[in-house]
Amino acid sequence: MKTYLIDLDGTMYSGNENIPGAIDFINYLQKNNIPYIFLTNNATRTKLQNKQHMEKLGFKNIKEEDFFTSSMAAAKYIAKNYSKRNAFVVGQDGLKEALIEEGFKIVDENVDFVFVGLNTQGDYQLYSRALFHLVNGAKLIGTNKDRKLPSGSTFKIGNGAVVAMLEYASQQEAFIAGKPYDPILNEVLSFKKLSKEDVVLLGDNLETDIDLGYRHGIETIMVTTGVHTVADCNALGVYPTQIVKSLFELIK
Ligand SMILES: [Mg+2]
């Protein structure tokens, strides 16, 4: 039985509203003991905040260990591959929690890494301080490169745009952990002791969720409740294994 790696925004919910079929689908997985992990680029929420957000939307029996975020992937990858642990954070609670769990110290001097996750309170002072550390030798780490975030009928600045700003200013290319980049996949598989054949990637975004699976020969399911449509597959040259209009179609 495969483990579902399930995207959140655009797949389970859209902002503060759950997507029709999502709660039924999770209930179905739970009832049939089908394993799943929520795999999200959202770096802002802690595991508890993620659980509380979903429960507020009506999901039941959600556990903190059900979540694997781009913050966790970034922290785990850097902890495994480098010995230094001084981190400056442009980000919120979710990123701070992930770094502390991996033994990082959150500092504003002698900085080894500048970790950038979305910070909706981020301002010129904070970004300039990050730049100060980068030009003094710190390495730039982005949790994800999401360009923009859907917000009602329009968009807000995504973390990728902030990472790009710091890349431009520091003339340093960032390391990126989140979908469609490989670290989040490798880290979740290693953490949950799974291999590529054991998982199905389920999500709404061809450029992140589906592209990650497509490039790795992993089974993918696209649900057209979020950012992309069937027509986008040809436009982007990314092809999911299966496309569904609603998660109700996956309930057998
Ligand atoms: Mg999504």
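Reply: Along the chain, the donors of the magnesium ion follow the spacing D-x1-D-x194-D. In this predicted model, the residues that coordinate the ion are D7 (OD), D9 (O) and D204 (OD), at 2.1 Å. D7 counts as buried because its relative accessibility is 7%, and the limit for buried is under 20%. D9 has a relative accessible area of 41%, so D9 is partly exposed.

Another place to look is T143, in the loop between β9 (139-142) and β10 (148-151). T143 has a relative accessible area of 1% and is therefore buried. The side chain of T143 makes a polar contact of 3.0 Å with the side chain of N144, and one of 3.3 Å with the side chain of N159.

Some backbone details remain. The peptide bond from K179 to P180 is cis, with omega near 5 degrees, and P180 sits in the loop between β12 (175-176) and α7 (182-191). K193 lies in the loop between α7 and β13 (199-203). Although K193 is not a glycine, its phi is positive, at about 55 degrees. K193 is exposed, with a relative accessible area of 74%. N61, in the loop between α2 (47-56) and β5 (67-69), is not a glycine either and has a positive phi of about 55 degrees. N61 is exposed at 57% relative accessible area.

How values were computed
Residues are numbered from 1 along each chain as its sequence is written. This is a predicted model: local features need pLDDT of at least 70, side-chain atom pairs count only at pLDDT 80 or more; totals for chains, interfaces and linings use all residues. Side-chain values use heavy atoms; hydrogens and water are left out. Helices (H or I, at least four residues) and strands (E, at least two) are DSSP runs, numbered from the N terminus. Buried means under 20% relative accessible area, exposed over 50%, partly exposed in between (1.4 Å probe, protein chains only). A polar contact is a pair of N or O atoms within 3.5 Å; within protein, one must be able to donate a hydrogen and the other to accept it, and residues adjacent in sequence count only if both atoms are side-chain atoms. Donors are N, O and S atoms within 2.8 Å of the metal (3.2 Å for Na, K and Ca); water is not among the atoms, so sites may look incomplete.
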